[in-house]
Amino acid sequence: MRSIRTRITMIIVIAIVLSTGIATALGMKDVSELGAESSEQSLRLLCENGQKNLDSYFDSVGQSVDMVASYAETDLEASGDKDLKEHIQHVNIFFNKVARQTNGVHTYYYRLDPSFTEDQPGFWYVDANGNGFTEHEVTDITQYDLNDTTKLVWYTIPRASGKAVWLPPYITDNLDVRVISYNVPVYYHDRFVGVIGIEINYETMADQVDNIRLYENGYAFLNDTEGDLIYHPTIDVLTLPAEQIPKTPEELTGYAQYIEYTFEGVEKKVYRLKLKNGMILNVSVPVSEVNGPWQKMMKRTIWVSIGLLVIFVLLAWQFASHIIRPLTDLTKAAKKVDAGDYDVELKYGGRDEVGVLTSVFRSLIDHLKAYISDLNNLNSKLQEDNLTLEAATIRDSLTGVKNRFALRRDYDTYYEKDLHLLMLDIDDFKSVNDNYGHSIGDYLLKKTGDALLDNFGAEYSYRYGGDEFIVIIPDVDEAEFQKTLALLTSQLEEIYLEDKKLPVHFSAGYVYGKSVLRDDLRLMLREADMLLYQAKGNGKNTFIGDVYNRETAEGIKKREAEDFRQG
């Protein structure tokens, strides 16, 4: 038969092991889950910040080229095609000013098509060493088949597509320098004139990507939608033979954003976002570094728990012979602790060994309660931080309405509901920026967002991009929607700056109907976008609405796909 001392010791040990084990297991589970969420949040925020910086840089380059192309077409309209030499001089002077104010420009050019003029090929300026632009002999494009878009890509692709295009990295003609370029076709009375473009030094883009780092061995890299590497900090993708470039892991060829994959034997986590020029930005870190902090915390928790167990087992064995009288109270207390109830009261206060054990048991309960309280506080703080981070990422910082990330997040909330979906933008917004400056343009965007918030509320208003806004209102009839729409248009017609009414107008298209299938919301967006463009074609300053028609929307989708395939 076991002695009372042994039995008492056994009871105490079991109670301590169970209570400590449950508390430790629950704490470890919470810490691991929060650690995983925190790592995803860190990767996502770093990737979004990198996306914002790269898109901002690419936008500045694209705006510079678009501005010069617009100037060239305006100059042609003003002077005609009789004195092309003077026209080229005008564009050259303007382009030089723009290029010097644009970061990372390696070359800029205006190449006229031989079918438009045989006497004036255009110009090409190069900043070879960072000391300023010098004129370079233009490429003799008459030596190429201009219908072959695999050669002379900076010229043949925009010529063939008829629209502005970002090109992936290539070795520029005659200079043997790695660049990426943005090129815009120029037209005069619907006749193709030539191509205006800027080539950016590949290293400028690489430096920006290299600045995106997380943990000790994390890094960022770029690939295209087919999974082929465009830039990698440890792989020279432009000079290595194709067979020596490592294959992109299959997981990175899809559209998932947060992925775990294995590269060169190392397990990694990556967050991926698409840039405006079509590239995909990836921020990757080894799983071991992501999990390291919370795994270290878990190990420390286990060792502390084991240490506490050892200490209290020894104390229980040493003083078990002196705890017979308060044994019942201690046994009840141990059972309550075993059940997860730490609110126990032990009245015995003797100075003998039983009193010491009782005091130690009280201390154990206090330690466990404090430990659980610390874990709960940590859990609450991490949850608060996650909510703060989420709130910062779903709102457009300029207008206060939700952004496209929030729209993707809210997508399923509109499933199987009667919806009114409105797509609105500012008529001739580029002219506002050109004539009044971007600060006035930002002010106008802010006032537009205020009008949407005032009339439709923060829950249903989104900034889709640029000067385009979207409103998605569930469960409202057409008459009520029309009333709210009338209030919105009245407010938008009265936008003032320093007591002066701004001469701006708005156009919109909207559809209403039930979202039955998963794809309905995207199709409704397409149909509303078509109605918006119809409103633009009807003279702008127009709002057009219609009942949602799935066949019409799918037809729009097919036409867009066909237009994309045909270039």
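Which backbone nitrogen does the side chain of Asp427 reach at 2.7 Å? I looked this up before anything else. The side chain of Asp427 reaches the backbone nitrogen of Asn541.

**Ground rules**

I am working on a predicted model, where local features need pLDDT of at least 70 and side-chain atom pairs count only at pLDDT 80 or more, while totals for chains, interfaces and linings use all residues. Residues are numbered from 1 along each chain as its sequence is written, and side-chain values use heavy atoms, with hydrogens and water left out.

**Entry: Asp427**

I placed Asp427 in the loop between E12 and helix H9 (429–436). Helices here are DSSP runs of H or I with at least four residues, strands are runs of E with at least two, and both are numbered from the N terminus. Asp427 has 6% relative accessibility, so it counts as buried. Buried means under 20% relative accessible area, exposed over 50%, and partly exposed in between, with a 1.4 Å probe and protein chains only. The side chain of Asp427 also makes a polar contact with the side chain of Ser507, at 2.8 Å. A polar contact is a pair of N or O atoms within 3.5 Å; within protein, one must be able to donate a hydrogen and the other to accept it, and residues adjacent in sequence count only if both atoms are side-chain atoms. I then listed contacts, meaning heavy atoms within 4.5 Å. Leaving aside neighbours within four places in sequence, Asp427 touches His505, Phe506, Ser507, Lys536, Lys540 and Asn541.

**Entry: helix H12**

H12 (residues 520–537) has 18 residues. From first C-alpha to last it reaches 25 Å, close to the 26 Å expected at 1.5 Å a residue. The expected span is 1.5 Å times one less than the number of residues. What covers the buried residues? Just after H12, Gly539 takes a positive phi of about 110 degrees.

**Entry: the open sheet**

I traced six strands in an open sheet, in the order E3-E2-E1-E6-E5-E4, with antiparallel pairing. Two strands pair if DSSP finds at least two bridges between them. Strand E3 (134–135) and strand E4 (165–171) are the edges, each pairing on one side only. E4 pairs with strand E5 (residues 178–188) over five bridges. Leu167 has Ser181 in E5 as its bridge partner. Helix H2 (residues 84–100) packs on the sheet and touches strand E1 (105–112), strand E2 (122–126) and strand E6 (191–201). The direction of H2 makes about 160 degrees with that of E1. Axes are lines fitted to C-alpha atoms, for helices over the stretch in contact, and angles run from 0 to 180 degrees between N-to-C directions. Helix H3 (residues 153–161) lies across E1, E4, E5 and E6, at about 160 degrees to E4.

**Entry: the sides of H2**

In H2, I found Leu84, His87, Ile88, Val91, Asn92, Phe95, Val98 and Ala99 buried. They cover an arc of only 135 degrees around the axis, which puts them on the same side of H2. The arc is that of the directions from the helix axis to the C-beta atoms. An α-helix has 3.6 residues a turn, so residues three or four places apart point the same way. The face turned away from the buried side carries the exposed residues Ile93 and Arg100.

**Entry: Asp113**

Asp113 sits in the loop between E1 and E2. Asp113 counts as buried, because its relative accessibility is 2%. A 2.4 Å polar contact joins the side chains of Asp113 and Ser115.

Strand E9 (residues 258–263) and strand E10 (residues 266–274) pair antiparallel over six bridges. Two residues lie between them in the hairpin, and Glu264 in the turn has a positive phi of about 55 degrees. Ile259, Tyr261 and Phe263 form the covered face of E9, while Tyr258, Glu260 and Thr262 form the uncovered one. E10 also pairs antiparallel with strand E11 (residues 280–286), over seven bridges.
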